[in-house]
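Colleague: I'm still learning how to read these models, and I'd like a close look at a single part. Could you take me through it slowly?

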Amino acid sequence: RVKPHSRRAAMYLRRTASDQGSCLDDLASATGSANMSAGEVVRALLPECPQAVYMRLRREGILTTADLAGLDRGDLKELGFTMVERSRLLQWARDWLGSDDRSMAPWQSVSSTALGEQDLGMMAMATMAPEISMEQDEAHRRLDDLEQQADFWCTLVRNQRPPAASPATQNAHVQFARLRSNSFNEEVEDVRETVLENLFDLTSERVLHLYKRMQSRTKDGIITKDALRHGLSRCGVPDLSDEALEKVIEATSRARRVQGQKAPSSKGVQLIEFEAMLSRLKIAQLLTGACPLPLDPETLGGRRSLLGSAHVSGQLVVVDYHTQHASPHLVDSKHRHEFFFGHRKRPRTPTEPPLVRWVHMPGLDLNLLLSLTVKYSLHPLGVEDVIDQCPTKIDRYGNHYFAALEQLMLASPGDGSEPVRVHGRHVAVFCSGPPLFDTILTISEPDHDEKEDWPGGTMRDAQCVGDAWVDRLRERLDAAHSRLRERRADFLMYQILDLSSDELVKVTKAYTTRLSKLEAQPHITASGLVAEWLRE
């Protein structure tokens with residue numbers, strides 16, 4: 001799911017295309033569908049398309065016909081269209097654009113040199129998207145401003161009643177006690193299904209499912225106060241009083257109120273408003289301590305007793321960057337509310353590209369991990385893989401790409417002068433999907449299997465183990481003419497994989513050099529092989 005900062009990115013892309021109005025006028029006059037929204041086009045072409053696809057279109061800022069025509073086959077696949085549906089939409093786009101060369105994508109006539117190393121999906125949107133209406137722009141800004149009011153949301157969850165009892169939440173709270181009593185090496189059953197999915201799953205599919213459940217509890221489909229309370233309680237949100245619920249509904253409906261009108265343009269709670277309410281209330285729960293954690297944060301199911309807690313800093317390193325510069329900053333306990341409730345900075349000028357954000361967590365802090373899960377709608381499967389330190393893999397969960405790396409780093413000189421020592425770390429990477437690729441999250445911590453698997457693991461001092469690849473990436477982002485800043489978040493993910501491979505090469509060379517020196521040493525005596533030589 002793309003959060004509100006990506007809605008602003010879509011606005012930027014439309015504003016930058018305003019100078020190409022004459023070209024858009026020609027396209028509009030060539031077809032009668034120019035005034036249709038993207039959802040109306042999809043509904044006309046694909047009447048059986050599921051509702052989850054329409055929700056993704058709205059979240060990605062694909063609102064107009066031109067937005068839809070600018071997508072390529074990969075973008076349509078990520079949005080959830082089937083192969084047949086993708087072919088039908090691409091055929092429609094070619095006809096709508098009136099291109100003679102049916103193999104050429106709509107943006108291929110634009111000079112890539114003039115645009116720089118931009119993502120193709122962004123070039124398509126920037127070339128074809130019309131200017132957004134002032135009313136929509138202002139409504140999005142008001143909703144963004146409301147989401148950033150940390151005191152408002154935290155006040156709501158303080159001193160509220162626990163969530164109403166339900167089979168889902170009761171089962172989850174039973175799991176809390178079970179998980180706290182288990183060691184890390186013991187199997188924890190259904191942590192994803194009973195804890196992560198019930199309480200912290202804010203993916204677009206789950207939010208849409210909850211919204212439909214709330215609509216089914218009303219006669220006319222308009223979300224009432226009682227239906228909203230039921231939907232929030234399904235995710236373990238405290239049972240808000242009637243007064244508190246009225247404050248939330250009034251605040252969110254005010255964001256879509258048309259200027260000059262005393263009442264909002266539509267009744268009830270809209271889907272995008274429910275999503276904002278749910279995410280902000282869950283973050284407020286986690287940051288104020290009102291939400292019980294699924295694992296003991298001190299032991300993390302016994303993992304802390306195995307790894308030690310020295311590597312857990314409780315901080316986040318955040319780097320916002322675009323083609324011109326990179327802006328790093330540290331998120332500590334004093335700045336958590338500002339980060340989790342806030343959004344990245346808007347482009348200062350219409351020509352300034354939207355920011356890409358890299359968030360790095362050194363050491364697994366459970367409270368921060370769950371807060372990131374809610375803020376960026378991470379998939380429960382990926383979060384479970386982080387907690388369990390899954391083997392090396394690359395996968396796609398929803399609209400996020402996920403990679404897990406069992407990283408090896410050389411912890412001794414590579415010249416063969418002493419025995420080789422290796423440190424192992426587990427790195428997890430979440431990367432937002434197309435068309436923007438604007439966010440990447442990384443979590444790094446010591447590998448819990450290192451002591452048993454690698455020489456020197458038992459002598460490891462967790463305080464001395466760092467992430468050299470993090471420093472190298474930051475140096476590349478800070479360089480005067482950084483090629484890394486010209487690319488999107490997916491390219492940063494590729495760089496992490498590349499640096500991890502480089503570390504493996506160093507380990508291999510170190511062992512090769514050391515073995516050569518051992519072979520050159522006198523190691524055969526009258527009584528047999530030298531004991532130390534043989535042990536190594």
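Is glutamine 389 buried or exposed?

Modeller: Keep in mind that this is a predicted model. Glutamine 389 counts as buried, because its relative accessibility is 6% and the cut-off for buried is under 20%. You'll find glutamine 389 in the loop between α21 and β4, the strand made of residues 393-397. Its backbone is worth a look too: phi of glutamine 389 is near 50°, which is a positive value in a residue other than glycine.

Serine 377 sits in the loop between α20 (366-375) and α21 (380-388). Serine 377 isn't a glycine either, yet it has a positive phi of about 55°. Serine 377 is buried as well, with a relative accessible area of 2%. A glycine with a positive phi turns up just after helix α4: glycine 61, at about 75°.

Helix α4 itself covers residues 51-59, and seven of its nine residues are buried, so the rest of the structure largely encloses it. The buried ones in α4 are Ala52, Val53, Tyr54, Met55, Arg56, Leu57 and Arg59. Notice that two arginines, Arg56 and Arg59, are among them.

For some background, the chain has 25 helices and nine strands. Of its 536 residues, 52% count as buried. If you take the contacts between residues at least 6 apart in sequence, 70% of them join residues at least 24 apart.

Start with α14 (residues 204-216) and α17 (residues 271-288): their axes come within 10 Å and cross at roughly 115°. That makes α14 roughly perpendicular to α17, and the crossing is right-handed. On the α14 side, the contact is made by Val207, Leu208, Leu210, Tyr211 and Met214, while α17 brings Leu271, Phe274, Glu275 and Leu278. Sorted by class, the residues of this contact are eight nonpolar, no polar and one charged. Why does spacing along a helix matter here? An α-helix has 3.6 residues a turn, so residues three or four places apart point the same way.

The next pair is α15 (residues 225-233) with α16 (residues 242-255), packed at an angle of about 95° with axes 11 Å apart. Here too, α15 is roughly perpendicular to α16. Lys225, Leu228, Arg229 and Leu232 of α15 meet Asp242, Leu245, Glu246 and Ile249 of α16. This contact has four nonpolar, no polar and four charged residues.

Then there are the cysteines. Cysteine 154 is buried at 1% relative accessibility, and cysteine 235 is buried at 0%. A disulfide is a covalent bond between the sulfur atoms of two cysteines. Searching the whole structure for disulfides turns up zero.

Valine 505 is partly exposed, with a relative accessible area of 42%.

Terms used. Residues are numbered from 1 along each chain as its sequence is written. This is a predicted model: local features need pLDDT of at least 70, side-chain atom pairs count only at pLDDT 80 or more; totals for chains, interfaces and linings use all residues. Side-chain values use heavy atoms; hydrogens and water are left out. Axes are lines fitted to C-alpha atoms, for helices over the stretch in contact, and angles run from 0 to 180 degrees between N-to-C directions. Helices (H or I, at least four residues) and strands (E, at least two) are DSSP runs, numbered from the N terminus. Angles under 35 degrees count as roughly parallel, over 145 as roughly antiparallel, 65 to 115 as roughly perpendicular and the rest as oblique. A crossing is left-handed if the near helix is turned anticlockwise from the far one by less than a right angle, and right-handed if clockwise. Contact means heavy atoms within 4.5 Å. Ala, Val, Leu, Ile, Met, Phe, Trp, Tyr, Cys and Pro count as nonpolar, Asp, Glu, Lys and Arg as charged, and the others, Gly among them, as polar. Buried means under 20% relative accessible area, exposed over 50%, partly exposed in between (1.4 Å probe, protein chains only). A disulfide is a pair of cysteine sulfur atoms within 2.5 Å.
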